[in-house]
Protein chains: 2
Amino acid sequence: MAKRCVGVILFDGFQLLDVFGPVDLLSALPDRYDVRFVGLDGDPVKSSPGISVSVTDRRDTAPEPDIVLVPGGLGTRSLVQDQPFLTWLAEYASRASLITSVCTGSALLAAAGLLDGYRATSNKRAFDWVTTQGENVDWVRQARWVEDRNRWTSSGVAAGMDMTAALIRHLDGPEAAEKVTTFLELEVQTDSTRDPFAR
Amino acid sequence: MAKRCVGVILFDGFQLLDVFGPVDLLSALPDRYDVRFVGLDGDPVKSSPGISVSVTDRRDTAPEPDIVLVPGGLGTRSLVQDQPFLTWLAEYASRASLITSVCTGSALLAAAGLLDGYRATSNKRAFDWVTTQGENVDWVRQARWVEDRNRWTSSGVAAGMDMTAALIRHLDGPEAAEKVTTFLELEVQTDSTRDPFAR
């Protein structure tokens, strides 16, 4: 089986755990997933707390993605206004068979029109803001993550790890998911509707 | 109250989640914690899956730490043989009031002599290897994390987040810990003795 190319979108002000939780899960199956870090240009990208990380690709030359993963973070607040970025994201993600987001990453998907007609969720503290980014989205407030056809969106930060474990279970089976979560000593939540952070 | 300086030790082959789980928790309290990333020299450091991250400090000029956090990862396998690194680590950590590790980071603490006479734990799959790094350590196989005076060591990867939440609870009180874990939508385990990954 060919490896799936996972395009993780990085931008200034991304939340570290939104990215590196899911990435550590996917990277534990190096024969199945080729994780790429796609920046806007080729420069290192600065996370919310300030530490910079390198990218593997720039958006205009990134390889064809099988899966797109869009993290959240404070940087989404300005990116939802960045039309060239949203246009690129819509085009890039449309080439993938799975489009996913963690936390406020769903605001970017929504602003790019990628969630129109889909059920989706997001960070619970930023929920009211996120939902303004997509009026034609069926926003689900109480959910750890939401799967609707090929759109998978998770709640805030740590929920991205539960969603990613579910994605691995979906794509590679329960044994692969078990292997990965045991490797990371991660107790995942497997019920997507259980959401202790929804009010 | 002055901020606590947290010196996170970065080295080639560190495990991403070992670092960025705890860091995202600490960074959610920017008035309490000043997280520094201390590399061996000033160059970017390459994680296990290959992505590089920048450091804020190099070991010979790093500021005085209040807390030292040593992550694990494949890179520990060679670092336990690196006597100049271990000598530096022992000296640097001895200036901190709290010495902590995640996953196989405890192998580095043990090899540096920093766990002699202490109870400690580590990653469960690497446990037998880790324990060879410190014969005078009271290794605890079944534990999510172990606190012994000012040495806090966690089990594998994701356990570092539970330990860090407990550390915040210990240092800043339950409200601060609750604020952080709610912000990250992270359901933490608060019982350090519960360890589903110990066999």
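A residue is buried if 20 or more other C-beta atoms lie within 10 Å of its own, exposed if 12 or fewer, and partly exposed in between, with C-beta atoms placed from the backbone. By that count R149(B) is exposed, with 10 C-beta neighbours inside 10 Å. This is a predicted model: local features need pLDDT of at least 70, side-chain atom pairs count only at pLDDT 80 or more, and totals for chains, interfaces and linings use all residues. Residues are numbered from 1 along each chain as its sequence is written, while chains are lettered from A and ligands numbered from 1 in the order in which they are written.

**Chain A overall**

- Chain A has seven helices and eleven strands; these are DSSP runs, numbered from the N terminus, with helices (H or I) of at least four residues and strands (E) of at least two.
- Its radius of gyration is 15 Å, close to the 16 Å that the globule rule gives for 199 residues, so chain A is as compact as a globular protein of that length.
- That radius is taken over C-alpha atoms, and the globule rule is 2.2 Å times the number of residues to the power 0.38.
- The C-alpha trace of chain A spans about 40 × 40 × 30 Å along its principal axes.
- Of the 199 residues in chain A, 56% are buried.
- Among contacts in chain A with a separation of 6 or more, 68% join residues 24 or more positions apart; two residues are in contact if their C-beta atoms, placed from the backbone, lie within 7 Å.

- Chain B gives 29 residues to the contact and chain A gives 29 residues.
- On the chain B side, helix 1 (16-27), strand 2 (33-39) and strand 4 (52-53) each supply at least two residues.
- Helix 1 of chain B gives the most to that side, with seven residues.
- The chain B side divides into 17 nonpolar, eight polar and four charged residues.
- Here Ala, Val, Leu, Ile, Met, Phe, Trp, Tyr, Cys and Pro count as nonpolar, Asp, Glu, Lys and Arg as charged, and the others, Gly among them, as polar.

**Nonpolar core**

- The largest nonpolar core has 138 residues; such a core is a set of buried Ala, Val, Leu, Ile, Met, Phe, Trp, Tyr and Cys residues joined through C-beta atoms within 7 Å.
- The residues with the most contacts inside this core are V8(A), L10(A), L108(A), V8(B), L10(B) and L108(B).
- Not counting residues up to four places away in sequence, L108(B) touches V70(B), T76(B), L79(B), V80(B) and L89(B).

**Helix 6**

- Helix 6 of chain A has 14 residues, which at 1.5 Å a residue should span 20 Å; its end C-alpha atoms are 20 Å apart, in agreement.
- The expected span is 1.5 Å times one less than the number of residues.
- Ten of the 14 residues are buried, so helix 6 of chain A is largely enclosed by the rest of the structure.
- The buried residues include A159(A), M161(A), D162(A) and I168(A).
- Their cover includes helix 1 (16-27), strand 7 (98-101), strand 10 (145-148), strand 11 and helix 7 (174-183) of chain A.
- G173(A) follows helix 6 of chain A and has a positive phi, near 95°.
- In chain B, M161(B) is in helix 6 (residues 159-172) and counts as buried, with 28 C-beta neighbours inside 10 Å.
- M161(B) and P22(B) are 139 residues apart in sequence, yet 5.2 Å apart in space, C-alpha to C-alpha.
- Leaving aside neighbours within four places in sequence, M161(B) is in contact with G21(B), P22(B), L25(B), L186(B) and V188(B).

- Most residues other than glycine have a negative phi.
- V157(A) has a positive phi of about 35° although it is not a glycine.
- V157(A) sits in the loop between strand 11 (151-154) and helix 6 (159-172) of chain A, and is buried, with 27 other C-beta atoms within 10 Å.
- R149(B), also not a glycine, has a positive phi of about 50°.
- R149(B) lies in the loop between strand 10 (145-148) and strand 11 (151-154) of chain B.
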